[in-house]
Amino acid sequence: MFRKNISGDVKAILLEKWDPLGVNDVPQARDEYDSYVPGILRLLHQRAVASEIADHLSKLESDELGIMPNHANNREVANLLKSLGE
């Protein structure tokens, strides 16, 4: 069973730990990654392994944000996200 505010936890991790655009200290950008939360929640509900979550983050970076994926950071963030679903 997931924690009550898991979507808020996912949002916080994406903004504070993932943050590929470096906007976490810009108040106007607090919602920059909100549209990615449902996809992460879906992976967590499907009990995806951390490597699948990291691949998803890398795909978001390359396909949605148009930047080079940071695979090492994505693995770390994926482990944090995975721990929310445990």
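What percentage of the contacts in the chain between residues at least 6 apart in sequence join residues at least 24 apart? The share is 56%, among contacts that are at least 6 apart to begin with, where contact means heavy atoms within 4.5 Å.

This is a predicted model, so to speak of its local features takes a pLDDT of at least 70, and side-chain atom pairs count only at pLDDT 80 or more, while totals for chains, interfaces and linings use all residues. Residues are numbered from 1 along each chain as its sequence is written, and side-chain values use heavy atoms, with hydrogens and water left out.

View 1. The C-alpha trace spans about 35 × 25 × 20 Å along its principal axes. Buried residues account for 40% of the 86 in the chain (buried is under 20% relative accessible area, exposed is over 50%, partly exposed is in between, with a 1.4 Å probe and protein chains only).

**View 2. The largest nonpolar core, with 26 residues.** Such a core is a set of buried Ala, Val, Leu, Ile, Met, Phe, Trp, Tyr and Cys residues joined through side-chain atoms within 4.5 Å. The members that touch the most others are V10, L14, W18, I40, I53, L57 and L81. At least two core residues come from each of α1, α2 (37-45), α3 (50-64) and α4 (71-84). The biggest giver is α1, with 6 residues.

**View 3. V10 and its partners.** Leaving aside residues up to four places away in sequence, V10 touches V37, I40, L41, L44, L81 and L84.

**View 4. D9, in helix α1 (residues 6-18).** D9 is partly exposed, at a relative accessible area of 25%. Look for L84 as well: the C-alpha atoms of D9 and L84 are separated by 7.8 Å, though the two sit 75 residues apart along the chain.

**View 5. Helix α4 and what it packs on.** The buried residues of α4 are N73, N74, V77, A78, L81, K82 and L84, and they pack against α1, α2 and α3.

Note on methods
Helix = DSSP H or I, 4+ residues; strand = E, 2+ residues; numbered from the N terminus.
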